[in-house]
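Hi,

Here is the structure I said I would pass on.

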Amino acid sequence: LDVSGSMAYNFDGNDKGSTSERCQYAMKQAVSNFIDKVNAQDSQEGNHRMAIVTFGSNASTLQNWTYVDANGLQELKTQVKKLPSSPSSATNVGAGMQKAQELMNSAKSDTNRQKVVIVFTDGVPTTTNEFNIGVANSAITAAKSMKDAGVTVYTVGIFNGANPAQLHGDKFDRAGVKD
């Protein structure tokens with residue numbers, strides 16, 4: 001989950017909006033809804049597990065592997081609710097992907113489980129306020145390694161105007177706002 005500074009802005013690049021207009025709020029809602037859906041599946045099919053990684057300038061494990069049963073549901077959703085409403089820092093998605101890879105590697109004994117990583121982000125890979133090829137390459141390398149190990153990787157963009165034809169990052173400039 002992206003907790004970089006740009007997540008504090010709304011979809012128009014304005015940092016003056018209410019908390020419920022911010023990208024961070026939209027991401028929290030999406031992740032919370034996703035946890036609910038996994039829990040609903042868990043009650044039918046059994047023992048799904050989930051972990052949560054956050055990334056800004058650095059990455060950390062917010063919640064280690066947790067069964068998405070009734071207790072785990074509350075634990076996971078509480079962690080998501082605790083995410084800051086006004087986050088700050090860079091968008092080091094490479095560090096986030098590496099942390100996700102560590103978690104996936106720790107679950108190698110679960111050979112019968114379908115393994116999925118979902119990245120929620122609004123931004124261009126950065127260490128300051130511009131596209132950083134090193135951060136992008138580390139994210140791609142970690143994703144490729146996980147894919148080769150049988151992990152499915154999805155990315156959910158939390159932003160307006162996504163351009164699927166664009167194959168590289170731009171200098172981040174959303175209404176003059178720097179990430």
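β1 is the element that gives the most to the lining of the second largest pocket, with 6 residues. Bear in mind that this is a predicted model. The pocket holds about 820 Å³ of space, and 30 residues line it. Nearest to the centre of the second largest pocket are Arg49, Met50, Met104, Val116 and Val117. Besides β1 (49–55), the elements that give two or more residues to that lining are α1 (23–45), α3 and β3.

Next, α2. Its 12 residues should span 16 Å at 1.5 Å a residue, and the C-alpha atoms at its ends sit 17 Å apart, so the two agree. Which residues of α2 are buried? They are Gly72, Leu73, Leu76, Lys77, Gln79 and Val80. These cover an arc of only 155° around the axis, so they lie on the same side of α2. Ala70, Asn71 and Lys81, on the other side of the helix, are exposed. There is also a contact to look at where α2 starts: a side-chain oxygen of Asp69 comes within 3.3 Å of the backbone nitrogen of Asn71.

Then there are two loops.

The one between α2 (70–81) and α3 (93–106) contains Ser89. What stands out there is the backbone: phi of Ser89 is near 120°, which is a positive value in a residue other than glycine. As for the surface, Ser89 has a relative accessible area of 29%; buried would need under 20% and exposed over 50%, so Ser89 counts as partly exposed.

The other loop runs between β3 (116–121) and α4 (133–148), and Thr126 is found in it. Is Thr126 buried or exposed? Its relative accessibility is 0%, so Thr126 is buried. The side chain of Thr126 also reaches the backbone nitrogen of Thr91, at 2.8 Å.

Cheers

Definitions and conventions. Residues numbered from 1 in each chain as written. Predicted model: local features only at pLDDT ≥ 70, side-chain atom pairs only at ≥ 80, totals over all residues. Heavy atoms only, no water. Helix = DSSP H or I, 4+ residues; strand = E, 2+ residues; numbered from the N terminus. Buried < 20%, exposed > 50% of the residue type's maximum accessible area, 1.4 Å probe, protein only. Polar contact = N/O pair within 3.5 Å; in protein donor to acceptor, adjacent residues only side chain to side chain. Expected span 1.5 Å × (residues − 1). Arc of directions from axis to C-beta. 1 Å grid on protein atoms, 1.4 Å probe; cavity = no way out; pocket = protein on both sides within 12 Å on 5 of 7 lines; lining within 4 Å. Points joined across faces, edges and corners; volume = space filled by probe spheres on them.
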